[in-house]
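Visitor: Please show me the chain, and then let me ask about a few of its details.

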Amino acid sequence: MIAAQNLIEKAISSGQAGFGIYQDHPQPSLALFGDFRALACILLRRVPDTGRLAGFVPPEILALHQQPLPEKRRSFDPVEETRPARLAPRRAAAAALATSAALHILQQSDVHAAGATLRDLISDTDGSIPLKVGLRWAHTSPVFDAIHLATLAPRLGGPDQLHYRTAHQLPRKPDRSAATRVAERARRTPTQLWPAWSARLSPLDGALSRTIRPALSCYLLLVGGTGDFTTTARLLHAPVEDRLGSHMTVRLTKRGHFLGISLGLLALADYLDQEGSPIDYTRRRTVDYRDLLPLDTWTQLCRDIDFEAGGVRRHQFARALLFEQLSGLPPTLAPAAYAPSTTELRTMLRTFETGLTPALMSQLEEHAAEFLNQQGIRDEPLSWQPPTDIVCDLKVARLRPAGHRPQHAAPAH
């Protein structure tokens, strides 16, 4: 209790809090007192057994706190008994207990450790937590809001963990500009997440490229937003089922991958919000690709490099690959004339892709640039990917998952 009092006096004299969880995020002393008050209120009202707080004060003070209050009440305090901690405690022992326990939480090394400590104190025997995401406290700091969200994080579904950025060192709720920011991020994001990023964020087992790449792009739009998986899928024209959003996050969480994936998506979302993208993928998704790589053009460019043009199917595969690279959409959404509509055709498409020579890729890129120019798109590269070095040491499998597109098939410029 003396240590708590010393810290409070130090914060008053210095004007700010810089201990424990505030080391990386210093806060004005007034905000510290707001955090203290909110935590004390939670502890006095929500701890199911005050015996859990026994380690924070001497036994005689805990005993004094646990004694029933005298029948006489203050005239201005009609709700004291029905809503504990609504007002300042009537006993100094209660204030000492709440302040010491709150200090124990605030002195943790980071907000996630603080959230785990608070969660242990207030959770019931069945693991339920008597807090809700929508609860509001007056005069608290962003650090307290982060502790609140970190406390609830294990009980939140995957989409909500992305909404509140619970994997970040300072979780936070979406702000008023969230919808605008997410809409702009959708313009900067392909329907299928970039190949290098997909390979980095995809677990090795049970993650086919055609399933997880669109899902990862949808999850990217959930970061810091308010929409659901279905809404983001519509923004991106993603061919995914509505139930995939929560189903896949449950599987990834059980296998221990979701935290690492979340950290990668948070870093990627922040990069796109700050740095932007040289490609407008919303515009790319609306281009008419029916005239992409006509047969006579394909035949001529193959003849120019002495490459076997083959039959109709090989031409269809070349068109599908160019469609995927330019639009950011999966090849199954290509025009019906060349979309690989069956599993067998999609497998054959990837086999064809691995056999592309550098000379043929160069020819295809020249045609693709000419095609974009004809569509009035003259200020963008053919393809692009954000740098992957903005994240490191993610705890997900780095190896290419089965069926994943080889990176050389979609070169970054």
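Overview

Guide: The chain has 18 helices and 2 strands, taken as DSSP runs (helices H or I, at least four residues; strands E, at least two) numbered from the N terminus. This is a predicted model, in which local features need pLDDT of at least 70, side-chain atom pairs count only at pLDDT 80 or more, and totals for chains, interfaces and linings use all residues. Residues are numbered from 1 along each chain as its sequence is written, and side-chain values use heavy atoms, leaving out hydrogens and water.

Visitor: At what angle do helix α1 and helix α2 pack?

Guide: Helix α1 covers residues 2–14 and helix α2 covers residues 29–46. Axes are lines fitted to C-alpha atoms over the stretch in contact, with angles from 0 to 180 degrees between N-to-C directions. The axes of α1 and α2 lie 9 Å apart, and the angle is about 150°.

Visitor: Is Glu380 buried or exposed?

Guide: Glu380 sits in the segment after α18 (358–374). Its relative accessible area is 13%, and the cut-offs are under 20% for buried and over 50% for exposed, with partly exposed in between (1.4 Å probe, protein chains only). Glu380 is therefore buried.

Visitor: Which side chain does a polar contact of 2.6 Å join to that of Glu380?

Guide: A polar contact is a pair of N or O atoms within 3.5 Å; within protein, one must be able to donate a hydrogen and the other to accept it, and residues adjacent in sequence count only if both atoms are side-chain atoms. The side chains of Glu380 and Arg284 are joined at 3.0 Å. The contact of 2.6 Å joins Glu380 to Arg283.
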